[in-house]
Amino acid sequence: MIAISKKSSLLAHPFLPWGILLFLSLIWGLSFLFIKKIVIVLNPLELGAARVFVAGLFLLPWAVKSFRNMPKEKLKYVAMSGFLGNMAPAFIYAWVGSKLNSGLAGTLNATTPIFVMLIGLAFFATKITSKQILGILFGFLGSLLLVVSGNDGEINYANPFALLAMVATFMYGINVNIINHFLKDVNPLALTSVAFLIVGFLSFWVLPFTDFFQTILDPTHRDTLVYLLILTGVNTAMALVVFNYLIQMTSAVFASSVTYMMPVVAMFAGFMDGEVVSFNHLLGIAIILLGVYLINRKQKVSR
């Protein structure tokens, strides 16, 4: 891995944060489709545990060195970040992915900046404007429309799995604030690798009590193994290193704005895979993105 100094002109480029957002939007938007493909073979418990454990294996070489150098007073926040930003949402989205269309699951992820702002306001004295309050209201209105629309896009009743997806985005909101306020001086690679060292160890102990190893090593499930390796290595391990760097480079709210474009990628990928994309789905995501825009309107990107 090539180390790049923070003084590098590349890192000082004003368009770099936006380039990172595009990159994260693409690979995270496709994650929901990968999850849908994997849960055909693995059950949600197996996928959640495997996603965290295998991502931890990818990061293990860096984790061993980083753990020794990690300040002890930071470890509790790193562990919290690993649980709230990685482990718990991995299990939740594995379960959600077995019940919801990938496009709908990805679209609900757009509520993350709303929770980032609310949690920042409640616990970290984040300043809020009247436009941001309006943005929060729009965000929840759009979320409500998606929750009651469901996979088929018809207004029916509150889908519990759609609500569960928003529990995961609530956890993401806490995690982003933890990183922004307590871990901004920790190297992003060290932060991500040590977090996965902790939660990956915990997740591993789930797998021996399942049929995971027997199933995933079956030659007839080779495609599932490929999806899993991409999901864990690229869409989880590498992406979170980049995302944690983006939080430190800019701000909590700006970094969480990856949810502007990610739902579009998720919905388009789902549509190409034969999922229903209704007017209610499009209207819901449009209202959410309007809310996220209002939340971020006063935010400035710092180098």
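Where is the place of Glu275? Glu275 lies in the loop between helix 12 (262–272) and helix 13 (279–296); helices are DSSP runs of H or I with at least four residues, numbered from the N terminus.

## Model and confidence

This is a predicted model, in which local features need pLDDT of at least 70 and side-chain atom pairs count only at pLDDT 80 or more, while totals for chains, interfaces and linings use all residues. Residues are numbered from 1 along each chain as its sequence is written, and side-chain values use heavy atoms, leaving out hydrogens and water.

The protein chain has a mean pLDDT (the predictor's confidence in each residue, from 0 to 100) of 85, with 90% of its residues at 70 or more. Over residues 1–10 pLDDT stays under 50; the model has seven contacts (heavy atoms within 4.5 Å) for them beyond four places in sequence.

## Surroundings of Glu275

Leaving out residues up to four places away in sequence, Glu275 touches Lys36, Asn101, Ser102, Gly103 and Gly270. With Ser102 there is a side-chain to side-chain polar contact of 2.7 Å; such a contact is a pair of N or O atoms within 3.5 Å, and within protein one must be able to donate a hydrogen and the other to accept it, with residues adjacent in sequence counting only if both atoms are side-chain atoms.

## Helix 3

Helix 3 covers residues 72–97, and its 26 residues should span 38 Å, from 1.5 Å times one less than the number of residues. The end C-alpha atoms are 36 Å apart, which agrees. A kink of about 35° is centred on Pro89, the bend being the angle between axes fitted to the seven residues ending at a residue and the seven starting there.

Conventions
Helices (H or I, at least four residues) and strands (E, at least two) are DSSP runs, numbered from the N terminus.
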